[in-house]
Amino acid sequence: MKEKKSEFSLKINIETSYINPSNILKWIHLAPSFHIKRFQCDDIKKLKLGVNWSEVDLDSVFMHLKSVQFPIFLEFKDQYENSLLIGIHEKYSFLLFDVYHLENPMDHWIGYAKSFFEDENIGIVAYFYPKNDLFWQTNVDPGQYELYGKPLVGVKLRPINKVRNLIDRRSLPGFPNEYRNLWFGSTWKMIYGQKYFQFISKEQLCSYSDAYEIKKLNANAIEITLFEDLEEYETIESRTIQKNFREFMRIDQIVEHLENNDENV
């Protein structure tokens, strides 16, 4: 079976205090060739199935949401079904773009992600997953891999009963581990801001020798590209670099430590 592939997914973690109508409208306006047509919010009955964006008053939406418990999700779609999902949580929130139709060069989207760290200095971490890889790096059903002809090389299986196995998610090189909705993982391109360095130091991130490129964007942010070509994400070489980065940074151990100590970070 052939899957419908996005060009890429871009997810940006920021503090929830920055989520407001003014900033959302600015982020939508600055996103490359992203012209909203539809809006949806499951927490508001009349918006649950989606409405035309021209009918939406975002200030009124936020007034309605004041009495709603976290998490809150706002979804925006353009004419090509490219989407922006904003997940609002208690402390750390996110913007998730799924781009199916790439109208602008990839560099424009990379520049857009960097702007959260260079211009506004509000980004904690941003990361690009090629194609549908964000979905596959969270998928623990080996049957789905078989159905779509995806390789399971190097992936560990664990039995859940006498007849069924599931994938050990931590054996997936790009598995997006999280603590309080803040991302810890390994993928093609990642941008880290100052607030992230309390978890993994800038020096540690910059010391990974197998990355294709590591750039210091400014005093407070770095950009790491693990392998050169986004299209080569499923090669054995790229997966090995991705897995080694994860292990070198001790990503899963860091999340486990944060969960066990439940630190207020």
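This is a predicted model: local features need pLDDT of at least 70, side-chain atom pairs count only at pLDDT 80 or more; totals for chains, interfaces and linings use all residues.
Two strands are taken to pair if DSSP finds at least two bridges between them, and the elements named here are DSSP runs numbered from the N terminus, with helices (H or I) of at least four residues and strands (E) of at least two. Residues are numbered from 1 along each chain as its sequence is written, and side-chain values use heavy atoms, leaving out hydrogens and water.

Strands of a sheet pair through backbone hydrogen bonds, either parallel or antiparallel.

Strand β14 (residues 221-225) pairs with β12 (residues 189-193) in the antiparallel sense over 5 bridges, and Ala 221 of β14 stands opposite Gly 193. Strands β13 and β14 also run antiparallel, joined by 5 bridges, and they form a hairpin with 2 residues between them. In this pairing, Asn 218 has Ala 221 in β14 as its bridge partner. Because 5 of the 5 residues of β14 are buried (under 20% relative accessible area, with exposed meaning over 50% and partly exposed in between, for a 1.4 Å probe and protein chains only), the strand is largely enclosed by the rest of the structure. In a regular strand the side chains alternate between the two faces of the sheet. In β14, Ala 221, Glu 223 and Thr 225 point one way and Ile 222 and Ile 224 the other way.

One of these residues, Glu 223, also takes part in a salt bridge with Lys 114, with the closest N and O atoms 3.0 Å apart. Lys 114 lies in helix α3 (residues 106-118) and Glu 223 in strand β14, so the pair ties together parts that are 109 residues apart in sequence. Both partners are buried, Lys 114 with a relative accessible area of 15% and Glu 223 with one of 2%. The count of salt bridges (a side-chain nitrogen of Lys or Arg within 4 Å of a carboxyl oxygen of Asp or Glu) comes to 13.

A further salt bridge joins Arg 170 to Glu 256, with the closest N and O atoms 3.9 Å apart. Since Arg 170 lies in the loop between β9 (165-167) and β10 and Glu 256 in helix α8, this pair ties together parts that are 86 residues apart in sequence. Arg 170 counts as partly exposed at 32% relative accessibility, as does Glu 256 at 38%. Lys 215 is partly exposed at 33%, and Glu 213 is partly exposed at 31%.

Helix α8 (residues 251-261) has a buried set made up of Ile 251, Asp 252, Ile 254, Val 255 and Leu 258. These residues cover an arc of only 160° around the axis, which puts them on the same side of α8, the arc being that of the directions from the helix axis to the C-beta atoms. An α-helix has 3.6 residues a turn, so residues three or four places apart point the same way. The buried residues of α8 pack against β10 (177-179), β11 (182-184) and α7 (236-248), contact meaning heavy atoms within 4.5 Å. After α8 comes Asp 262, whose phi is positive, near 45°.
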